[in-house]
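Open the structure in your viewer and have the selection tool ready. Here is a short tour, one stop at a time.

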Amino acid sequence: VNGYVADSPASVREALEPLMAAYDVAAAERGARIVFFHRHAQTPAPLELGDLAAESAAALVSERADGEEAPIEARVRFIDPLRDYLAAAVSARRLDRAKGGVITIEAPLVLEAEAAERVAQAVLADQRAGREALALSLGPAHLHLEAGDHVSFAGGATFEIVRVEDAGGRRLSMRRARAAGAPLLGLVEPI
């Protein structure tokens, strides 16, 4: 990143979120520490139907949000060094006929338009993929899986673990991980 503007008091989380979005970094609690990692650089752990706990295999819970409610556009406001550090906006738009709204990310980052466009595309792709959620229980052989890890199923679907509950069994709440290179149209608009 060429620069970062901190013009008002903010929590550490609020300060890090634009950087994490720009560089596709996630954070997870591992032990007593917060660990940062690239979300899509890890190899997904393979899961089979036989890995599921008996009660989970019998009643697998999957839900998909309405596609029309998903955002149709993601807009990133940033500071453009090629335009004398003026504010600029880049947006990525879905190519289907969804009717959702617009997500706006105020990134206090000094970025080139291409980098800001990648951020907008990633945010929009994450929103689209995250419409599909899955909850399941695993046996004790998978105690190593934690929030932030990716798992894949035989059909090729990859999910990101967003929550782990250890109450009587290991219950995972997951969301579909976005595929790399989603076909999105990016538009650069000066403000």
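## Stop one: the largest pocket

Select Arg13, Glu17, Met20, Val25 and Ala26: of the 29 residues lining the largest pocket, these lie nearest its centre. You are looking at a predicted model. The volume of this pocket is about 890 Å³.

Now colour the elements that give two or more residues to its lining: helix H1 (12-22), strand E2 (25-30), strand E3 (33-38), helix H3 (113-129) and strand E11 (158-166). Which of them gives the most? H1 does, with seven residues.

Next, colour the lining of the largest pocket by residue type. There are 18 nonpolar residues, two polar and nine charged.

## Stop two: the second largest pocket

Select Val5, Asp7, Glu106, Ala107 and Pro108. They lie nearest the centre of the second largest pocket, which 16 residues line. H1 turns up again here: along with strand E6 (73-80) and strand E8 (102-110), H1 gives two or more residues to this lining.

The volume here is about 330 Å³. How does the lining of the second largest pocket divide by residue type? Count 11 nonpolar, one polar and four charged residues.

## Stop three: strand E12

Select residues 170-176, which form strand E12. Zoom in on Leu134, which stands opposite Met174 in E12.

Finally, show E11, a strand from the lining of the largest pocket. E11 pairs with E12 in the antiparallel sense, over seven bridges. End at Phe159, whose bridge partner in E12 is Arg176.

Terms used
Residues numbered from 1 in each chain as written. Predicted model: local features only at pLDDT ≥ 70, side-chain atom pairs only at ≥ 80, totals over all residues. Heavy atoms only, no water. 1 Å grid on protein atoms, 1.4 Å probe; cavity = no way out; pocket = protein on both sides within 12 Å on 5 of 7 lines; lining within 4 Å. Points joined across faces, edges and corners; volume = space filled by probe spheres on them. Helix = DSSP H or I, 4+ residues; strand = E, 2+ residues; numbered from the N terminus. Nonpolar A, V, L, I, M, F, W, Y, C, P; charged D, E, K, R; others polar. Pairing = 2+ DSSP bridges.
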